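Please read it alongside the structure below.

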Amino acid sequence: MPTDATLFWDYATGADMYRLQISRDNSFTDIIYDESGIMYPRRKVYGLDPNQTYYWNVKAHNSHGESDWSTVWNFWQTNHPTKSS
C-alpha cells in the first residue's frame, strides 16, 4: 500500500521558491518526483512505495537565478501507518 512522507529543509536566505527532486538512487537516474515552485521549505509527498530507500535534494530560486543542488539526503519509507491525534 503506498504511503506518504513530509520532507523539511532549511530556509535559504533570499529564496522565493524551491525545486524538490526525489529518486530511488543517489545519482538521480531514477527520479520519481520533480516539482518546482514550492513556496515553503517543506513538502508532503504521496504514493511512495513502502520498504524503499529514497534520495532527495532541493535547490532555491529567486529573481537572480537558482542555487546549486543541496546535499543529497535519504530516508527509508516504512509501511507502518502514522498515528494522528
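Methionine 17 lies in strand S2, where a strand is a DSSP run of E with at least two residues, numbered from the N terminus. The model is predicted: local features need pLDDT of at least 70 and side-chain atom pairs pLDDT 80 or more, while totals for chains, interfaces and linings use all residues. Residues are numbered from 1 along each chain as its sequence is written, and side-chain values use heavy atoms, without hydrogens and water.

**Surface**
- Methionine 17 is partly exposed because its relative accessibility is 31% (buried is under 20%, exposed over 50%, partly exposed in between; 1.4 Å probe, protein chains only).
- Met17, Met39 and Tyr40 make a nonpolar surface patch of about 330 Å² (residues with over 30% relative accessible area and no salt bridge, nonpolar side chains joined within 5 Å; a salt bridge is a Lys or Arg side-chain nitrogen within 4 Å of an Asp or Glu carboxyl oxygen; areas by Shrake-Rupley, 1.4 Å probe).

**Glutamine 21**
- Strand S2 (residues 17-23) also holds glutamine 21, which is buried at 8% relative accessible area.
- The side chains of glutamine 21 and aspartate 34 form a polar contact of 3.1 Å (N or O atoms within 3.5 Å, one able to donate a hydrogen and the other to accept it; sequence neighbours count only if both are side-chain atoms).
- Beyond four places in sequence, glutamine 21 touches residues including Phe28, Tyr55 and Trp69 (contact: heavy atoms within 4.5 Å).

**Core**
- The largest nonpolar core has 16 residues, and Leu7, Trp9, Leu20, Ile22, Trp56 and Phe75 touch the most other members (buried Ala, Val, Leu, Ile, Met, Phe, Trp, Tyr and Cys joined through side-chain atoms within 4.5 Å).
- S5 supplies the largest share of this core, 4 residues.

How values were computed. Patches are made of residues with over 30% relative accessible area and no salt bridge: like charges are joined within 9 Å, nonpolar side chains (Val, Leu, Ile, Met, Phe, Trp, Tyr) within 5 Å.
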